[in-house]
Amino acid sequence: MAPPPPPLAASTPLLHGEFGSYPARGPRFALTLTPQALHIQRLRPKPEARPRGGLVPLAEVSGCCTLRSRSPSDPAAYLCIYTYPRGRRGGRRRAARTFRADGAATYEENRAEAQRWATALTCLLRGLPLPGDGEITPELLPRPPRLLLLINPFGGRGLAWQWCKDHVLPMISEAGLSFNLIQTERQNHARELVQGLRLSEWDGIVTVSGDGLLYEVLNGLLDRPDWEEAVKMPVGILPCGSGNALAGAVNQYGGFERALGIDLLLNCSLLLCRGGGHPLDLLSVTLASGSRCFSFLAVAWGFVSDVDIQSERFRALGSARFTLGTVLGLATLHTYRGRLSYLPATVEPASPTPAHGLPRAKSELTLAPAPAPPVAHSPLHRSVSDLPLPLPQPALMSPGSPEPPPLLSINGGDPELAGDWAAAGDSPLSPDPLLPSLPGSPKAALLSPITEGAPEMPASSGLLPPTPDAPAAISTGGPPDHLLPPLGTPLPPGWVTLEGDFVLMLAISPSHLGAELVAAPHARFDDGLVHLCWVRSGISRAALLRLFLAMERGNQFSLGCPQLGYAAAHAFRLEPLTPRGVLTVDGEQVEYGPLQAQVHPGLGTLLTGPPGRPGREP
């Protein structure tokens, strides 16, 4: 068996060619494709001394397609590339670049050249290998990954549905991903849906909301009779809620600068379009009643959980609710007596410092599944196919659109197309009839074979269909907690116990507690650790505020605060000794009382996209 080809250097040219522009009377360009970027140089009428927009990093590209002119006398083929560069003020805006392949006399030859470029670019975007000296043809591409999108329309300030229509669906359609979108209608609806899914039909489940919806999805997967296979389903998050902690960690993992709101959503959408997953540690949490749930984010007690729950009344403010909640919490600062015990990690990571960024991935799981046999689709609840969803689409149509759709307007403005749209007298472009229909196009999504109805339970489960008034997500499946004795019994040797008065206790898995709060700057998605942070009583309000302000940069541990403590652990037990308080798991309030938890390394898979260099914006 021949060894795999060595990795290509970032600047290695893969393709080079000369293209015209659209409209045809525009300049001509030399294009060079490398593993990291598309280089564009204007050739005529006069080469640019300092090319503007001459370097397009692939990290800013969502996808591409090939088009042809509706004029039968035009032998050219067209390559359209969708990008989301950062503007002068830092935000991303959509821009499309269209190039004319016209080097041959016939349309078939020009079409083959445009397809060669589109295939090579798509392979690079999805992390698929290119043949060393073989021919680059569309046959290199597997079928598009099929994603199930679950959206909470009331997420954040109630803008989740609008943001999804305006930003998410157009971008993943440009990427050629196949998707169905379902709107959740009540608490635990997402949990019920994933419990009844035929998972073989999907390649990933993506929540378009805050952290709470993903909590439901993961606990629903682990509550299935086939949880060992179900939990392998890759999950992703597109932030449209008020708490976007995991999205903040994904954003940092992808190498992007800190972002909030629509900018964070666009960054995470770009990473989703690139494909690729990463092992995700999950925390099994056993509550006082003996019930168990799974956490991907954090267990909180004290100040953090108080702010999280008490700020619910300010949900209309979006992420600003936490700022207001923090101010109110500082004004009425409480301390709680309790006992924290933990099983320390064998090899503790270095003391957290601001220099620790999110390390690069140990491995990437390319989201490019093999073709699946035809299956009958499970009946699901209200989906994009039966909701009024007037999807905007570009005037340069992707294959599968039978008629010209309206112009795509993103970020509240007109399309930024750098002169790519037709002027008066130019023949409009249409989809290439020789290309297969694009399953991920918005038109195809509207016709997806999903019907309305109750979720179908697996025949082998023996369970009744879940009811709308189901309690908070509690899982009955999942792996055993081999490190934990029964709650209430003595702990084995090797555990460390702290007892006293605390202002807060936080057990966190990823790096971020919020979209811009880095609680454990050295944490990784799959480090096999839970990162314990606590603040003892005696801290002043001003010092606590400084800690949270420093957390925006992840340098709170460099302040030298004597009340701040940290430990890396594999398991822990928390025993509140104060009769009243609030406990949360991933932002969801759970029963108050003793609890214990254990890390299950790499139990889940998170759709993260490719890793980037932390702190370096493409």
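These legends accompany close-up views of a predicted model.

**View 1. The whole chain, by its totals.** The chain holds 11 helices and 24 strands. Of its 618 residues, 57% are buried. Among contacts with a separation of 6 or more, 75% link residues 24 or more positions apart.

View 2. Neighbours within four places in sequence are set aside for L150. Its remaining contacts are I182, A190, L193, V194, I205, V206, T207, V208, L213 and V217. In soluble globular proteins, nonpolar side chains tend to be buried together.

**View 3. Strand β24 is flanked by two pairing partners, β12 and β21.** Strand β24 spans residues 595–607. Of its 13 residues, 11 are buried, so the rest of the structure largely encloses the strand. Strand β12, residues 277–286, pairs with β24 in the antiparallel sense. Nine bridges join β12 and β24. In this pairing, S284 faces Q598 of β24. Strand β21, residues 564–576, also runs antiparallel to β24. Here the count is four bridges. R573 has Q596 of β24 as its bridge partner. In a regular strand, side chains alternate between the two faces of the sheet.

**View 4. Helices α2 and α7 pack against each other.** Helix α2 covers residues 160–174, and helix α7 covers residues 261–274. Their axes lie 9 Å apart, at an angle of about 25°. Angles under 35 degrees count as roughly parallel, so α2 is roughly parallel to α7. The crossing of α2 and α7 is right-handed. On the α2 side, the residues in contact are W163, H167, V168, M171 and I172. They meet G261, I262, L265, L266, S269, L270, L272 and C273 of α7.

**View 5. S269 is a buried serine in helix α7.** How accessible is S269? Its relative accessibility is 1%, which counts as buried. Leaving out neighbours within four places in sequence, S269 contacts V168, M171 and L238. V168 and M171 belong to the α2 side of the α2–α7 contact.

View 6. G255 follows α6 and has a positive phi, near 85°. A247, V250 and N251 of α6 meet L264, N267, C268 and L271 of α7.

**View 7. N188 has a positive phi without being a glycine.** The phi of N188 is about 70°. Where does N188 sit? The residue lies in the loop between β9 (178–183) and α3 (189–195). N188 is buried, with a relative accessible area of 2%.

**View 8. D586 also shows a positive phi and is not a glycine.** Here phi is about 55°. D586 occupies the loop between β22 (583–585) and β23 (588–590). Is D586 buried or exposed? At 4% relative accessibility, D586 counts as buried.

**View 9. P57 lies in strand β4, shown together with Y84.** Strand β4 covers residues 55–57. P57 has a relative accessible area of 17%. Buried means under 20%, so P57 counts as buried. P57 and Y84 are 27 residues apart in sequence. In space, their C-alpha atoms are 9.9 Å apart.

Terms used
Residues numbered from 1 in each chain as written. Predicted model: local features only at pLDDT ≥ 70, side-chain atom pairs only at ≥ 80, totals over all residues. Heavy atoms only, no water. Contact = heavy atoms within 4.5 Å. Buried < 20%, exposed > 50% of the residue type's maximum accessible area, 1.4 Å probe, protein only. Pairing = 2+ DSSP bridges. Axes fitted to C-alpha atoms, helices over the stretch in contact; angles between N-to-C directions. Parallel < 35°, antiparallel > 145°, perpendicular 65-115°, else oblique. Left-handed = near helix turned anticlockwise from the far one by under 90°.
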